[in-house]
Amino acid sequence: MAIQLTHLTKHFGDTPVLDDITATINEGEFYVLVGPSGSGKSTILRIIAGLIPATSGDIYFDDKKVTDAAPKDRHLAMVFQNYALLPFMSVAENIRFGLHNLHLSTADEDARVADALQMVHLSDLADRKPKELSGGQQQRVAVARAIATQANLVLMDEPLSNLDAQLRTEMREELVELHKALKMTLIYVTHDQTEAMTMGERIMVLNDHRIQQVGTPLELYNHPQNAFVATFIGSPKMNMFTVTVDAAAKTITLPMVDEDGRPALIPLPAGIPSGTYQLGVRPEKVRLSLASASEYDVPVTVVNVASLGRASNVAVKNSDVEFIADIAEQFPEDAAKAFVTFPTAAADLHFFAPDTGLAVTSAAEKAGVTDGIA
Amino acid sequence: MKYAKRTIHYVLLILIALLVMAPLLLGIWASLLPTTDIVAGHFNSLNISLNNYVAAIQTTPVVLYMWNSLVISSLIMVGQLIFCTLAAYAFAFLQFRFKNGIFFAFLITMMLPFEAQIIPNFQTVRALGWLDSYPGLTIPFFTSAFGVFMLRQAFLQVPRELKEYSDLIGLGRLQFLTRIVLPYTRSTIITFVLYTFLTHWNAYLWPLITTFSDAHRPTQVGLKQLQSEDTFNNWGVIMATAIMVLLPTLLILIIGQRYFRKGLNAGGVKG
């Protein structure tokens, strides 16, 4: 089932919650709504479910307007953050109770319950009460309850955020596999960008009650349309610097100094007019070495080395500007000084207008040229 | 060392229990003795029998009193369960104007002692012609501010998502109440129901002033009646009736203590 949202807005009294949300979610898509808390993502989910009314705007399920339809008439299933299981019913009874509205024969209900339990690997625990299960198992029951309805649309509201880190990673994979097997349209709300990036086929980034950008994980990562998306997507966060561009001299002046105490310069790719910008550079595009190799290298003091074994996140500093270099190798933990080489490719330098935060794209980037394999 | 400590604890507990239960044990013992022994103060007499109980059942209306109490307490129990549940549901789940103000007004009535309400209530019931009848003994108690308050607190613990879930699967309000909220708050509901039953089983003042005949008189008033009848000072029989009246209370306390603990906590402690 395809979902269409047209100009949805929502106010609670005078408090705006959503502002002009328009989006299309394709049939069978794993669609993620991601944003910091208070960005309105859960509200969108509840408006789609019909649990709360939109102030204005419309919702279509496959061209059928459902804006005013009751939740039960929308034939969707939902998985909640706190699972919303009924504690006085067994696992199997919980799943069966969710079929209440479908008026199936007892044999059909039995089959659905058994199938759903098997899909989430809980067949052995059918007679347990939710309280007797671990958090991860409870969440699997909640998922089983949703898929047993065979709804074409499943909504999930931060389903993994009550689980511990390891379990969350496991459940992510299970949910992705489940979606591949069942091919229902899945709308998934999370505040965790890693979850969004690893699970979503397409992602809507929300902030400040508005859509910031919609795209595939790599589109968001490689071509953030504004400074918010740039810093929100990716871990560690994109480094942001206030820079001055001189188009005639083809240089970018960083808010740092070189070895001689003069303002540090790096070369400017074509297509960016002179002016002041926010420059975003992904930590993994910042190269770090112990000796200077080029005239554009910037000397830095090492503030902290976080060793991950296969990689290192090194916090470095120049002129009170601290930023992160994410290097794919081990870095000496006792190093005090180092040199930073900033990227020169247009695709790796993200310029944002200092007032609006909107991306200022160079001609090369507009043409879709990137350094990546994609 | 560990055992010594535990032994001391148990000895103390048993002593205190004996102290607390002494009147009850004495009462049970006395109910088995002939009145002549009780009056003479021969409590160490071994002349025990169930004769007092037989006499109580045969010569006093105690069975009728107990029947009346059972009917009255049960009716009130059902009435309060229905009305307090519905009112608590409104306060916990619905949004309406002046909700907090109305709830506050409910709570204020809890601070008004029952004795102060007796005269207006009496006038109302008399005007309705309900004196000395089951309606007069039950209908004024079909709701209680305490019950509404206690159930509202319990209902507020029901996660909002369960309401959303029940909307999604198409449960109406009444179904949400009966199939989700009531089972979810089961221990509070059981506590409330048993508490209501006990309160009205032991009711004294209201039945005292509104009943004039044995036909509708409940146990507590009936017991007092037995004692005050001039010709009747058969203490053995009085003790036997008292023990019989006490039995349901004990039974409910023993069966319900698990829920009492859980239910009364559930109202007060969050989570």
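The briefing below takes up each chain in turn and then the salt bridges.

This is a predicted model, in which local features need pLDDT of at least 70 and side-chain atom pairs count only at pLDDT 80 or more, while totals for chains, interfaces and linings use all residues. Residues are numbered from 1 along each chain as its sequence is written, chains are lettered from A and ligands numbered from 1 in the order in which they are written, and side-chain values use heavy atoms, with hydrogens and water left out.

**Chain A: fold and surface**

- Chain A contains nine helices and 21 strands, where helices (H or I, at least four residues) and strands (E, at least two) are DSSP runs numbered from the N terminus.
- Taken along the principal axes, the C-alpha atoms of chain A fill a box of roughly 80 × 45 × 40 Å.
- Of the 374 residues in chain A, 51% are buried, with buried meaning under 20% relative accessible area, exposed over 50%, and partly exposed in between (1.4 Å probe, protein chains only).
- Among the contacts (heavy atoms within 4.5 Å) in chain A with a separation of 6 or more, 65% are between residues 24 or more positions apart.
- In chain A the mean positions of the 30 positive and 47 negative charges lie 4 Å apart; Lys and Arg count as positive and Asp and Glu as negative, without His and the chain ends, and each charge is placed at NZ of Lys, CZ of Arg, CG of Asp or CD of Glu.

**Chain B: fold and surface**

- Chain B has 14 helices and zero strands. Its radius of gyration, taken over C-alpha atoms, is 23 Å, well over the 18 Å that the globule rule gives for 271 residues, so chain B is more spread out than a compact globule; that rule is 2.2 Å times the number of residues to the power 0.38.
- The C-alpha trace of chain B spans about 70 × 70 × 30 Å along its principal axes, and 40% of its 271 residues count as buried.
- For contacts in chain B between residues at least 6 apart in sequence, 73% join residues at least 24 apart.
- The accessible surface of chain B is about 15400 Å², with 69% belonging to carbon and sulfur atoms, and the mean positions of its 18 positive and 9 negative charges are 18 Å apart.

**Salt bridges**

- Over all chains the structure holds 16 salt bridges, each a side-chain nitrogen of Lys or Arg within 4 Å of a carboxyl oxygen of Asp or Glu.
- A:Arg210 and A:Asp19 form a salt bridge whose closest N and O atoms are 3.1 Å apart. A:Arg210 lies in strand S10 (residues 210-215) and A:Asp19 in strand S2 (residues 15-25), so the pair ties together parts of chain A that are 191 residues apart in sequence.
- A:Glu109 pairs with A:Arg96 in a salt bridge, the closest N and O atoms being 3.1 Å apart. These residues belong to helix H3 (residues 106-119) and helix H2 (residues 91-97) of chain A respectively, so the pair ties together parts 13 residues apart in sequence.
- In chain B, B:Arg217 forms a salt bridge with B:Asp214, with the closest N and O atoms 2.8 Å apart; B:Arg217 is buried at a relative accessible area of 8%, whereas B:Asp214 is partly exposed at 29%.
- A network of salt bridges links A:Arg46, A:Asp157, B:Arg160 and B:Glu164.

Methods. Accessible areas come from the Shrake-Rupley method with a 1.4 Å probe; for residues, only the protein chains shown count as cover.
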